[in-house]
Amino acid sequence: MEKQVTRGGPAGWWLGVWGGFAGKHPKAAKWIREGGLFVIVSNLVTVLKYFILQFLPLAFQGLASVDFGWPGIPLTLFGETFKWNIFGYDVAHGGLGYFCAYMIAMAIGEIINFPIQRNFVFRSRGRLAPQIAWYVVAFVVINCIVNSVNCVWVAVAGLLVPDFIYNIGTVVLNGGISMVIFFFVNKIIFPEATADKT
């Protein structure tokens, strides 16, 4: 007996299943599509951030001896003493040089991320200027949250593993926390619209 082949092969079958699901559950399908694409794009950008963060601190070696950070609360974990900062790093963990490299890597990532998320993932045609403003505010707040965790990670991980390993942790930590927060921020600031009102 000859095996029946679905028209269009496996891809055609999958598109038929997805089309049926999307027809019955349009809101759920939209969340799944946006969430899936968001994760894929964010992870690709995270890989780019890793390579930038791995090599860019070399360009700022002259600033590594500058203690830069706030609020600079002294902490000791696992025998390592460091300054806890909401932004910035103490000299022992890269100082102003590492902070500059870190912020440039994060900013480049978001400059690439913004138009892809806005236009392709969330298909927004809302007013660009307010969206950029809210995205920048979210970027600053999220990076303060992430940096306050990352300064602990860099200090402790630096005791155990070389920089190319703890930089993976840095971008995964940044990417993971950022992804969760940014997804919901993007759902708010990137509403679908039929036309740009500007």
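## A buried asparagine

Two residues are said to be in contact when heavy atoms of theirs lie within 4.5 Å of each other. In this predicted model, Asn 150, which is found in helix α4 (residues 128-160), is in contact with Tyr 89, Tyr 98, Tyr 102, Thr 170 and Leu 173, once its neighbours within four places in sequence are left aside. Asn 150 has a relative accessible area of 0%, and is therefore buried.

## Two helices that cross

Two packed helices are described by the angle between their axes and the distance between the axes. For helix α2 (residues 26-55) and helix α5 (residues 163-189), the axes come within 9 Å and cross at roughly 150°, which means that α2 is roughly antiparallel to α5, since angles over 145 degrees count as such. The crossing of α2 and α5 is right-handed, and the residues of their contact divide into 13 nonpolar, 10 polar and 5 charged.

## Aromatic rings

The structure holds 18 aromatic pairs. In one of them, the rings of Phe 87 and Phe 99 have their centres 6.3 Å apart and their planes at 45°, so the pair is tilted. Because Phe 87 lies in strand β2 (residues 80-89) and Phe 99 in helix α3 (residues 95-121), this pair ties together parts that are 12 residues apart in sequence. Phe 87 counts as partly exposed at 31% relative accessibility, whereas Phe 99, at 12%, is buried.

Phe 122 and Phe 183 also form a tilted pair, with 5.9 Å from centre to centre and 45° between the planes. This pair links the loop between α3 and α4, where Phe 122 lies, with helix α5, which holds Phe 183, across 61 residues. Both Phe 122 and Phe 183 are buried, and both belong to one aromatic cluster, whose members include Trp 31, Phe 38 and Tyr 135.

Key:
Residues are numbered from 1 along each chain as its sequence is written. This is a predicted model: local features need pLDDT of at least 70, side-chain atom pairs count only at pLDDT 80 or more; totals for chains, interfaces and linings use all residues. Side-chain values use heavy atoms; hydrogens and water are left out. Axes are lines fitted to C-alpha atoms, for helices over the stretch in contact, and angles run from 0 to 180 degrees between N-to-C directions. Helices (H or I, at least four residues) and strands (E, at least two) are DSSP runs, numbered from the N terminus. Angles under 35 degrees count as roughly parallel, over 145 as roughly antiparallel, 65 to 115 as roughly perpendicular and the rest as oblique. A crossing is left-handed if the near helix is turned anticlockwise from the far one by less than a right angle, and right-handed if clockwise. Ala, Val, Leu, Ile, Met, Phe, Trp, Tyr, Cys and Pro count as nonpolar, Asp, Glu, Lys and Arg as charged, and the others, Gly among them, as polar. Buried means under 20% relative accessible area, exposed over 50%, partly exposed in between (1.4 Å probe, protein chains only). Rings of Phe, Tyr and Trp (its six-membered ring) pair if their centres lie within 6.5 Å; planes under 30 degrees apart count as stacked, over 60 as edge-to-face and the rest as tilted.
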